[in-house]
Every structure is written in structure tokens, then in C-alpha cells.
Amino acid sequence: KMKKLIPVLVALFVLVGTSVSYAQSPAKAATLTEFKVKVTFHCANGKALIEKELIKTDGVKKVSADLETKVVTVSYDSNKTNREKIIEAIEKIGYYTEFTPKDKKIEKACSHGEQH
């Protein structure tokens with residue numbers, strides 16, 4: 001009886017081992033990276049706009065804009081996007097970041113508040 005059970009257990013072990021290693025395959029697993037960037041929004045509407053629009057960027061998983069510190073924290077899949085693309089997306093929404101060249105022209109999201 002034991003001799004018949006051993007091949008079944010070996011097959012089961014191999015099957016489970018294969019599925020576990022497949023699930024951990026780097027091509028399939030999302031590599032989440034956190035990025036914090038200072039952004040020139042200044043009101044609750046700006047905060048809401050950044051959070052609503054930036055999450056639509058491919059690879060962005062979570063966005064949190066802090067109204068007090070003006071820091072936007074972005075969790076993203078580094079297999080799908082990167083810091084440069086996130087900065088570009090923020091600029092397209094209408095805000096400067098701490099990495100935006102000062103002479104870059106951006107169509108601002110709102111017309112009141114800080115002048116840049």
C-alpha cells in the first residue's frame with residue numbers, strides 16, 4: 001500500500017512546487033514601488049483632481065495627495081511605469097512637481113493660488 005502512495009505523493013509535491021514557482025515568476029508578479037513627490041496643488045479640489053486622474057495612469061496602483069505638505073505618494077508597478085512617466089502625468093493634469101523644469105510651460109489645472 002505504501003509503495004503505491006509514494007508516486008502519488010511525489011507527483012503531488014512536484015505539481016504543488018511547480019504552481020508555487022509559477023506564481024512567483026517575475027514576469028507575472030507586480031513589483032510595487034513607492035514614490036513621493038512635492039506638487040504645486042494648493043486646495044482640496046487640486047488634491048481630489050490629482051488622486052482621481054493619476055490613478056488612471058497605467059501601472060499606478062494607489063495615489064494619496066497630502067494637502068498640508070503638498071506631497072503626493074504614488075504606489076506603482078515598476079514593470080509598467082516609472083517616476084518620469086508619473087511626473088509627466090502630473091504635469092498633464094496641470095501641476096508642477098519639484099522635478100519639473102522651472103521654464104516648462106504647463107496648462108494649469110486651476111487659475112487661483114500660487115503663481116509659478
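Visitor: At what angle do helix α2 and α3 pack, and how far apart are their axes?

Guide: In this predicted model, a helix pair is read from the angle between the two axes and from their separation. Helix α2 (residues 44-54) and α3 meet at about 130 degrees, and their axes lie 10 Å apart. That angle makes α2 oblique to α3, because angles over 145 degrees would be needed for roughly antiparallel and 65 to 115 for roughly perpendicular.

Visitor: Which residues of α2 and α3 make the contact?

Guide: Helix α2 contributes Leu49, Ile50, Glu53 and Leu54, while α3 contributes Ile86, Ala89, Ile90 and Ile93. The crossing of α2 past α3 is right-handed.

Visitor: How many helices and strands does the protein have, and in which pattern?

Guide: The protein has three helices and three strands, and along the sequence they follow the pattern α-β-α-β-β-α. Of its 116 residues, 31% count as buried. Where contacts join residues at least 6 apart in sequence, 54% of them link residues at least 24 apart.

Visitor: How many aromatic pairs are there, and which residues form a pair?

Guide: An aromatic pair is read from the distance between ring centres and the angle between ring planes. The count here is one aromatic pair. Phe35 and Phe99 form it, with 6.2 Å from centre to centre and 25 degrees between the planes. The pair counts as stacked because planes under 30 degrees apart are classed that way.

Visitor: Which parts of the chain does the pair link?

Guide: Phe35 belongs to strand β1 (residues 32-38), and Phe99 to the segment after α3 (83-93), so the pair links distant parts of the chain, 64 residues apart.

Visitor: Is Phe35 buried or exposed, and how does Phe99 count?

Guide: Burial is judged from relative accessibility, with under 20% as the limit for buried. Phe35, at 2%, therefore counts as buried, whereas Phe99, at 48%, counts as partly exposed.

Visitor: Where does the charged end of Lys70 sit?

Guide: A charge over a ring is read from the position of the charged end relative to the ring centre and the ring normal. The charged end of Lys70 sits over the ring of Phe41, 5.8 Å from the centre of that ring. Phe41 is also among the residues in contact with Lys70, which include Val37, Lys38, Val39 and His42, when neighbours within four places in sequence are left aside.

Visitor: What is the phi of Lys70, and where is Lys70 found?

Guide: Most residues other than glycine have a negative phi. Lys70 is not a glycine, yet its phi is positive, about 65 degrees. Lys70 is found in the loop between β2 (60-65) and β3 (71-77). Its C-alpha lies 9.8 Å from that of Thr97, 27 residues apart in sequence.

Visitor: Where is His42 found, and is His42 buried, partly exposed or exposed?

Guide: His42 is found in the loop between β1 and α2. At 22% relative accessibility, His42 counts as partly exposed. The C-alpha atoms of His42 and Glu68 are separated by 8.5 Å, although the two are 26 residues apart along the chain.

Visitor: Which residues does Lys61 touch, not counting residues up to four places away in sequence?

Guide: Lys61, in strand β2, touches Leu32, Ile55, Ser75, Tyr76 and Asp77 on that basis. The C-alpha atoms of Lys61 and Val74, 13 residues apart along the chain, are 7.6 Å apart. At 44% relative accessibility, Lys61 counts as partly exposed.

How values were computed. Residues numbered from 1 in each chain as written. Predicted model: local features only at pLDDT ≥ 70, side-chain atom pairs only at ≥ 80, totals over all residues. Heavy atoms only, no water. Phe/Tyr/Trp six-rings, centres within 6.5 Å; stacked < 30°, edge-to-face > 60°. Helix = DSSP H or I, 4+ residues; strand = E, 2+ residues; numbered from the N terminus. Buried < 20%, exposed > 50% of the residue type's maximum accessible area, 1.4 Å probe, protein only. Lys NZ or Arg CZ within 6 Å of the ring centre and 35° of its normal. Axes fitted to C-alpha atoms, helices over the stretch in contact; angles between N-to-C directions. Parallel < 35°, antiparallel > 145°, perpendicular 65-115°, else oblique. Left-handed = near helix turned anticlockwise from the far one by under 90°. Contact = heavy atoms within 4.5 Å.
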